[in-house]
Amino acid sequence: MSKKYVYLFHEGDASMKNLLGGKGANLAEMTNLGIPIPKGFTVTTEACNKYYDDDKVIAPEIINEIHHTMSQLEAATGKTFGGEVNPLLVSVRSGARASMPGMMDTILNLGLNDKTVEVLAKETNNERFAYDSYRRFIMMFGDVVMEIHKKDFDAILEEMKEAKGVHLDTELTAEDLKELVLQFKAFYRSQKGTDFPQDAREQLIEAVTAVFRSWDNPRANVYRRLNDIPSSWGTAVNVQEMVFGNKGDTSGSGVAFSRNPATGEKKIFAEYLMNAQGEDVVAGIRTPSPIEELEKQMPETYKQFMDIVNTLENHYRDMQDMEFTIEEGKLYFLQTRNGKRTAQAALKIAVDMVEEGLTTKEKAILMLDPKQLDTLLHPAFNQEEMKNHPVIATGLPASPGAATGKIAFTAQEAKERHEAGEMVVLVRQETSPEDIEGMIAAEGILTVRGGMTSHAAVVARGMGACCVAGAGAIKVDEKKKTMTVNGKVYGTEDYISLDGSTGNVYEGKIETVEPEISGHFGTFMGWADEIRSLKVRTNADTPHDAAQAVKFGAEGIGLTRTEHMFFAEDRIFIMRQMIVARTEEARRAALEKLLPMQKSDFKGIYKAMEGRAVTIRFLDPPLHEFLPTHPEEIEELAAALNVTTDELNGVITDLHEFNPMMGHRGCRLAVSYPEIAEMQTRAVIEAALEVNAEMGWNIVPEIMIPLVGEVKELKYVKNIVVKTADAIIAEQGAELKYLVGTMIEIPRACMTADEIATEADFFSFGTNDLTQMSFGFSRDDAGTFLKHYYEKKIYDFDPFAKLDQDGVGKFVKTAVTLGRGEKPTLKLGVCGEHGGDPSSVEFFHNIGLDYVSCSPFRVPVARLAAAQAEVKNPRKK
Ligand code: PEP
Ligand code: MG
């Protein structure tokens, strides 16, 4: 049997998300639950993938199947698609596996043409409504399918309103709208050279194609990269019988959340507009009314609405985000999905739902995207300072956080100024999906129009960006690049500050303070810790970072980069003396000066970690990062070394490497100059002995040798470490256990991990270098050309941010198998950047690592990701 590409709603269910997309699967599920939804069908994600495989054409068999299913829909609704009696009109909407609000395209009122519009006018006895629907359809079809700018249609509409002397679209009469349709069609013809298509089936296939095409539009691509959604998922297309919220005063459209998406409060949160289509609510064209007003207007409908919202939340056991339409008093739900929410709301909802008995801790853990925790860990305004800044306007607290920056009036400008190093706040009349890159670049987003469910609010919440929406007192002039409030004019050089939790907009730049973590966060993360088996350590090079990480729940240090301890001005000089030393004696003299510094740093770090495990990695400097480049620096160093600048320049030239990332770094330095390893061993061991004695602790330092590719190399350096350490311990008559392990960050080390394991107490995967060396991409330069790979869909993600599980992951897996095969007790961790990336953490859990290590601010993210990995694939007994 040939593959099925189109499903009527009742043929699917919630489990078919991958095939039907989130929206399609939920429409199917709602159909099965008996919720009043308009009938329809879903064209699958596989059809979308086939469209791309077939070079962007829809295969004839899929077109036939769509037409056939449309006939079934006609039979089910008793209406005729494109027919001259009882015409069937449909919406065509995208719906990927993961929701991507506003990123792809939607077309409403499809099936209208010059004839059906007349029929519709007659049958509904509402000419105004029919022509209003038709003009909307021409505009959406022109914009989405034919790529005619929407703003050109808007301009025609604005001209018409001006000519008629009205302000609102709703004030235009049926005659006005008829005329507008003629103008739109004429404009369409002038742009495309053909008439607006009259054949409903042709309209449908064009629209489905346009939705498939929109999967690959720039804003969808940006959104996918930001949210780890692979392009291979494709989007489904939902074709659904239209119901109309713009049929008059007993019709309306709205958006609802089963709990408050900003605070998590257990209270239905919904907004609606009477006599409007759904797009009007989301676009923020008019400011909607709270749902409570519906109770006064239509008590029966209100009650039914509340019942359905509760049913859906209880069914999905998660906060739902729904769209609904009331058509002449009759209520329909158009979609439901798990709602996007702020991190604060997500925590409250998860904790409340467990306490309400609606879900389990394990399921609650899965309700939060680990990356969302980031927003809880970011600064808020200094309350004292805030008092000195006037509130110039107030809008809706659409997405919490604090943002301060100079004003940017377009997304493009925000992006460019951000790239030039400026902090900007994006101020817009209202945002639209094309603004996504500017919204990412901005510190915060302020809009003049729109409600809590407007585009700006929804997208900012999803990104965790601070956003104040609908600050109506502000006048924005995009052309002049000014914003006027209460008679005062602000320009691109002026700072404003946004409080996304209160909706206040302040004049000037306000200092921010570190966030406090408590309440729901503590309870929720406590559950994550109970559940997970993968440990989480941190990468920290200073006592301050280490202490911060402990606050965030780090269970130890997985990587201290000792070379980073030498960037401070007073130290880099001595470090340079050590690097350019040409004799062992000169090198030892510099090392002698570095020893007390290292030792006191290590003591500080041990103390900050309060007895937890600390892994200290020996020097791994790509040398070029430390060599002096300015003539004054070279002169100063030459004087200190008692050599001429020419001589020193000669040494620097000798040290020059064509590829320093693959040069004389890591353990290679210790192989050339064992005295470096001796000094570092002394610092690690003496510091541990002193802190143990002082604090009565039992620190077991873990010494880590970087960039090993051959067991003999490790053995050589390890011997120096052991000899030095044992001598110090014996000298002091003390007892101290210590471990010597290695980083695994060279492909050869992975392939010979069984041999390396014979000399190592632990492995820590350095997936930064391992990625660099597996791909042969320079860590420093890949950014410049990887963007071409994303554009051409060769790679979906930056492999330095998200582990390439198929390639680099295979090296890691091989090393795990070989290493543990040789030494079952081998401790395994990862300390590359991937240790804080949720999907990579899941991979490390699945292949049996003991811990991941990441930067302090990512520790909570890793803790949650580790718990989620455990829930999905339990490894605890
Ligand atoms: C690595 O290579 O993954 C690593 C952690 O070391 P560094 O980034 O310091 O090279
Ligand atoms: Mg490395």
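User: How many aromatic pairs does the structure hold?
Analyst: The structure holds 24 aromatic pairs, where rings of Phe, Tyr and Trp (its six-membered ring) pair if their centres lie within 6.5 Å, and planes under 30 degrees apart count as stacked, over 60 as edge-to-face and the rest as tilted. This is a predicted model, in which local features need pLDDT of at least 70 and side-chain atom pairs count only at pLDDT 80 or more, while totals for chains, interfaces and linings use all residues. Residues are numbered from 1 along each chain as its sequence is written, chains are lettered from A and ligands numbered from 1 in the order in which they are written, and side-chain values use heavy atoms, with hydrogens and water left out.

User: Why is the pair of Phe 324 and Phe 333 called tilted?
Analyst: The planes of Phe 324 and Phe 333 stand at 35° and the ring centres are 6.2 Å apart, so this pair is tilted. Phe 324 is buried, with a relative accessible area of 1%, and Phe 333 is buried too, at 0%; here buried means under 20% relative accessible area, exposed over 50%, and partly exposed in between (1.4 Å probe, protein chains only).

User: And what about Phe 775 and Phe 777, stacked or tilted?
Analyst: Phe 775 and Phe 777 are stacked, with 4.9 Å from centre to centre and 15° between the planes. Phe 775 is partly exposed at 22% relative accessibility, whereas Phe 777 is buried at 8%.

User: Which residues do ring pairs link into a cluster?
Analyst: That cluster is made of Tyr 134, Phe 137, Phe 141, Tyr 188 and Phe 196, linked by ring pairs.

User: Switching topic, where does the charged end of Lys 4 sit?
Analyst: The charged end of Lys 4 sits over the ring of Tyr 7, 4.8 Å from the ring centre, and a charge counts as sitting over a ring if NZ of Lys or CZ of Arg is within 6 Å of the ring centre and within 35 degrees of the ring normal. Lys 802 likewise lies over the face of Phe 797, at 4.6 Å from the centre of that ring.

User: Which residues does the UniProt "active site" annotation cover?
Analyst: According to the UniProt annotation, from an unreviewed entry, "active site" covers His 455 and Cys 831; UniProt positions are given in the numbering used here, feature names are shortened, and annotations may be inferred rather than shown by experiment. The annotated residues span 377 residues in sequence and the farthest two C-alpha atoms are 38.0 Å apart, so they do not all gather at one spot.

User: Is His 455 buried or exposed, and where does it lie?
Analyst: His 455 is buried, at 9% relative accessibility, and lies in helix H18, residues 455-463; helices (H or I, at least four residues) and strands (E, at least two) are DSSP runs, numbered from the N terminus.

User: Where is Cys 831 found?
Analyst: Cys 831 is found in the loop between strand E32 (827-830) and helix H33 (838-846), and Cys 831 is buried at 1% relative accessibility.
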